[in-house]
Amino acid sequence: MSDASLVRTAADLLADGPAHTLDLARDVLGLTGHPGAASAAVFHLLGTDPRFQVDGEGVWSLDPHRIPLGARLDTVPFAVVDVETTGGAHWRGHRIIDVSIVVVHGGQIVEEYETLVHPGRAVPPMITALTGITTDMIHGAPYFEHVADEIGERLRGRVFVAHNATFDWGFVSAELVRAGVEVPDVPRVCTVRMCRRLVPRLRRRNLDVVSRHFGVSIHARHRAHGDALATARVLLRLLDEAAGRGIEDLATLQWYLKRRRQRKEFDPAQYSLDLPGHEPRRRRR
């Protein structure tokens, strides 16, 4: 079984209630030998997964505040976002000039939104050369504060997705704050990171390379709608790749994408297994 399938098995067991490390080792991993080795295997599997909690006595439970494990990826709505900007960092005052949100739900694209945005300044020549957006084009466009409520609403309750999500989220959240609109507290997923973990054979992961790999055409490169639409289609292919690895829900996907960077050292002294009164828990059938 894959790690993701073993995590699902552990989650199903813990849905019935807390369980000791040794019970998980036996019922999930089939380990009944040396307690230290069995415990180390459980901590390797679950120790970096934020959905699982363990106390000082080695008893595991599900974190009730995390996204439900039953929320399958094909039921989760994704807001795929792309922005074009005036060229610098948002913390230096640079602004969005073009934004698009494409919603993916149930394995298909269900909504598309796009608008030019007036940045309150001229569009730099280098940005015009890259995007084709001119200062004349944005003269009649709304300022971000005029569309901020709608953009916030289109993101709320959905998973924020972008190709290099840190960049796009940084600009969108900064613009929402500037407009006085509450920034939605939503999960974020980066398709670059998804490619790194799910398609490791790709040496380069820019949108051109990834789209070509999946046979996705980009109808308007370096325009927000063209790039967001291509990213949404790439996301659908990546979700297929995830499903092929037994990744069924959003929380498992997030754990899988972050796992290599969040390894936790196993300290047997911290989670003692030789505790009086421990009785192996019989798994419900």
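Modeller: The crossing of helices α6 and α7 is left-handed, that is, the near helix is turned anticlockwise from the far one by less than a right angle. This is a predicted model, in which local features need pLDDT of at least 70, side-chain atom pairs count only at pLDDT 80 or more, and totals for chains, interfaces and linings use all residues. Residues are numbered from 1 along each chain as its sequence is written, and side-chain values use heavy atoms, with hydrogens and water left out.

Helices are DSSP runs of H or I with at least four residues, numbered from the N terminus. The axes of α6 (residues 144–155) and α7 (residues 165–178) come within 9 Å and cross at roughly 120°; axes are lines fitted to C-alpha atoms over the stretch in contact, with angles from 0 to 180 degrees between N-to-C directions.

On the α6 side, F144, A148, I151, G152 and L155 make the contact (heavy atoms within 4.5 Å), while α7 contributes V172, E175 and L176. These residues divide into 6 nonpolar, 1 polar and 1 charged, with Gly counted as polar and Glu as charged.

F144 and I151 also belong to a core of 25 residues. A nonpolar core is a set of buried Ala, Val, Leu, Ile, Met, Phe, Trp, Tyr and Cys residues joined through side-chain atoms within 4.5 Å, buried meaning under 20% relative accessible area with a 1.4 Å probe. Apart from that core lies the largest one, of 52 residues.

Note on methods:
Helices (H or I, at least four residues) and strands (E, at least two) are DSSP runs, numbered from the N terminus. Buried means under 20% relative accessible area, exposed over 50%, partly exposed in between (1.4 Å probe, protein chains only).
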